[in-house]
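Me: I would like to learn how to read the features of a structure like this one. Please show it and take me through it.

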Amino acid sequence: MKFKVLADHFRLIESTSSRNDMTELLSKLFAETSADEIGAVMYMLQGKVTPPYEKADFGLGEKMIIRAVVRALQIDEETFQESLKKTGDIGSSAEMFMEKKGMKGTQDMSVMDVFEKLVSITKMSGDGSQDRKLEILSELVKALDPLSCRYLVRIPAQTLRLGFSDMTILDAMSWLLAGNKSLRKDIEKAYHVRPDLGYIAEMLKKHGISKMASIVPHIGTPILMMKAQRLPTPEDIFNKLQTGRIEPKYDGLRLQIHYEKKGKEAVVKLFSRGLDDVTYMYPDIVEGVIKECHADSAILEGEALGFDSYSRTFLPFQETVQRKRKHDIAEKAQEIPLKMFIFELLYVNGESLLKTPLTDRSKKMLKVIKPSGDIFNDTLLLSPQVEMITADDVNRVFEDSISKGLEGIMVKKLDGTYEPGARGWNWIKFKRSYSAKIDDTLDCVVMGYDRGKGKRSDFGIGAFLVGVYDAQEDSYKTVAKIGTGLSDEDWRMLHTLCTHIATDHKPALYDVDKLMSVDVWVKPAIVVEIKADEITRSTMHTAGRSMKASVSGKASVVDIQGYALRFPRLKRFVDDKKPEDATTVEEVAEMSSIQLKSV
Ligand code: ATP
């Protein structure tokens with residue numbers, strides 16, 4: 001495929017505001033793409049040259065990209081900057097100047113040619129590499145036509161966001177194969193095991209849907225982490241599971257460890273819940289894994305906690321979280337060393353354990369992680385486990401955990417498998433809060449903001465609209481507009497984050513009542529933890545509104561009451577979750593019913 005054909009697809013996708021049209025356009029693009037190209041196309045659609053969890057830095061700041069563009073266009077930088085002030089987008093400005101100058105591109109490059117050049121930029125380092133990178137980008141701009149350049153430069157500038165989610169892509173793949181959404185679930189399951197859209201698409205193109213069921217974990221590719229359901233009482237938990245294992249629920253940093261011996265070396269990677277590679281942040285865990293993991297290869301999961309060696313106690317989340325940083329890592333590691341409670345073994349020595357029952361996974365885990373019992377020596381620990389025989393056991397372990405300052409407990413089904421990405425009933429969490437009012441928080445996506453009046457207008461933002469994820473419809477639905485409870489610093493931070501992802505139209509994946517419209521829409525990217533006093537019903541919010549197809553085939557609203565948050569306030573910015581990992585509408589409904597039961 002020629003890159004200019006791909007650019008034309010990008011243009012069509014970018015200009016639609018309907019999710020259905022977007023799905024159709026994507027599936028048309030996939031149909032025209034060959035199996036050998038589809039991986040590259042997938043990554044470029046996401047504005048990348050690798051899957052998102054792999055670090056591939058272009059190492060070109062905005063200034064350098066502008067320099068490459070003006071060199072190719074042979075215009076002076078000031079003139080370009082003037083236009084950039086108006087468009088706010090290097091790609092659109094480059095396109096405009098090329099059109100003005102009648103530049104049509106000197107070569108008809110293929111998708112793979114452009115992709116390989118971009119990849120080569122990410123691989124350059126050392127002396128003179130900046131100049132070489134600039135040269136390659138500049139040559140690319142000269143070679144391509146104006147529309148292609150609009151999209152090309154947005155890739156190293158990291159501003160290519162075409163407005164669809166990974167789920168839209170999975171739907172489009174199903175459309176490609178079946179002409180409808182019926183295969184999405186099967187494709188999604190495979191994607192949860194191996195969230196590399198390039199790989200999944202290539203497999204689908206080459207082998208069809210039959211290959212999806214046999215996709216297994218791959219060392220170096222994070223598996224989407226399993227999540228826990230919640231129930232309001234120990235009795236409910238016992239009745240639901242009958243048999244189970246109770247573990248303390250630690251409030252730290254969830255990490256997935258990928259470990260592989262390569263000759264005398266061992267390679268360790270650590271991933272966050274949002275699938276980011278965070279290996280560099282936790283050198284003490286990496287060292288611990290190399291020493292304490294008894295396998296040739298393994299994928300493990302657990303919760304890392306700060307440890308105070310004087311009092312021999314684990315630190316609360318607020319202190320542990322200080323280890324999540326990009327600078328001064330070694331110093332902070334000295335100050336707050338981490339220990340990690342391992343609770344899952346998902347893969348060992350080439351064998352996937354995802355479908356193995358919990359008890360068998362655990363038996364194998366005991367062969368891989370064997371703590372010496374000396375807390376000062378061990379980095380990897382195993383959490384205590386109590387078998388659930390009666391509902392009383394749940395209560396007892398819960399009270400015990402609370403008295404130790406823990407968040408609560410997790411009860412896990414003994415024969416439960418590990419379900420990547422799912423919030424199923426194999427894990428049930430129980431926190432102190434459930435016995436009182438809603439004290440659990442919601443992870444919401446920032447959808448837009450109002451500019452604000454008075455003092456707030458200094459921050460550029462006076463209130464912001466948040467929503468939760470509707471996994472059935474792959475859309476975001478509102479639950480609150482928040483205007484209080486933020487520090488000046490929070491407002492500034494939120495405004496800065498929003499500025500980078502502002503968009504001139506309501507994103508296709510948003511479902512918002514017109515009463516909740518905002519001055520500025522932002523693309524789904526920022527996740528915030530929101531605390532509220534209560535979940536109420538409201539006609540202004542869309543989360544939980546039920547829709548029904550009418551005779552004409554159009555959706556009509558059946559229950560106009562959505563869920564809304566009473567006294568919502570920002571608790572923190574959540575940087576290890578993607579928008580699709582936000583709280584779902586289904587969960588809000590559950591939280592609301594738990595709240596009703598406990599009144
Ligand atoms: P919460 O805010 O309650 O942690 P969440 O949506 O962030 O909710 P859940 O999937 O609902 O996450 O709860 C599971 C989380 O609990 C895991 O992400 C993990 O970080 C943490 N956790 C602590 N102890 C355990 C344990 N023993 N087993 C599994 N997960 C645990």
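This is a predicted model: local features need pLDDT of at least 70, side-chain atom pairs count only at pLDDT 80 or more; totals for chains, interfaces and linings use all residues.

Me: How do I read a nonpolar core, and which residues touch the most other members of the largest one?

Reply: A nonpolar core is a set of buried Ala, Val, Leu, Ile, Met, Phe, Trp, Tyr and Cys residues joined through side-chain atoms within 4.5 Å. Buried means under 20% relative accessible area, exposed over 50%, and partly exposed in between, with a 1.4 Å probe and protein chains only. Here the largest nonpolar core has 104 residues, and F30, L45, L152 and M173 touch the most other members. Helix α4 (residues 62-73) contributes the most to this core, eight residues; helices (H or I, at least four residues) and strands (E, at least two) are DSSP runs, numbered from the N terminus. Another core lies apart from it, with 32 residues, including Y449, W491, I501 and V588.

Me: How many salt bridges does a search of the whole structure find?

Reply: Side chains of opposite charge can pair when their charged atoms come close. A salt bridge is a side-chain nitrogen of Lys or Arg within 4 Å of a carboxyl oxygen of Asp or Glu. The search finds 44 of them in the whole structure. In one, the side chains of R19 and D171 meet at 2.9 Å, N to O. R19 lies in helix α2 (residues 19-32) and D171 in helix α10 (residues 166-178), so this pair ties together parts that are 152 residues apart in sequence.

Me: Is R19 buried or exposed, and is D171 buried or exposed?

Reply: R19 counts as buried because its relative accessibility is 11%. D171 counts as buried too, at 1%. Another pair is R361 and E344, whose side chains meet at 2.8 Å, N to O. R361 is in helix α17 (residues 358-368) and E344 in strand β7 (residues 338-348), 17 residues apart. Both R361 and E344 are buried.

Me: Where do K571 and E529 lie in the chain?

Reply: The side chains of K571 and E529 meet in a salt bridge of 3.7 Å, N to O. K571 is in strand β24 (residues 569-574) and E529 in strand β19 (residues 527-531), 42 residues apart. K571 is exposed, with a relative accessible area of 51%, whereas E529 counts as buried at 9% relative accessibility. Salt bridges that share partners also join R19, D171, R184, K185, E188 and D474 into one network.

Me: Which residues come nearest to the ligand?

Reply: A residue is near a molecule if one of its heavy atoms lies within 4 Å of it. Of the 17 residues around the ligand, R273, E303, K412, K429 and K431 come nearest. The largest share of the shell, four residues, comes from β12.

Me: Which atom of R423 lies 2.8 Å from an oxygen atom of the ligand?

Reply: A polar side-chain atom of R423 does.

Definitions and conventions: Residues are numbered from 1 along each chain as its sequence is written. Side-chain values use heavy atoms; hydrogens and water are left out. A polar contact is a pair of N or O atoms within 3.5 Å; within protein, one must be able to donate a hydrogen and the other to accept it, and residues adjacent in sequence count only if both atoms are side-chain atoms.
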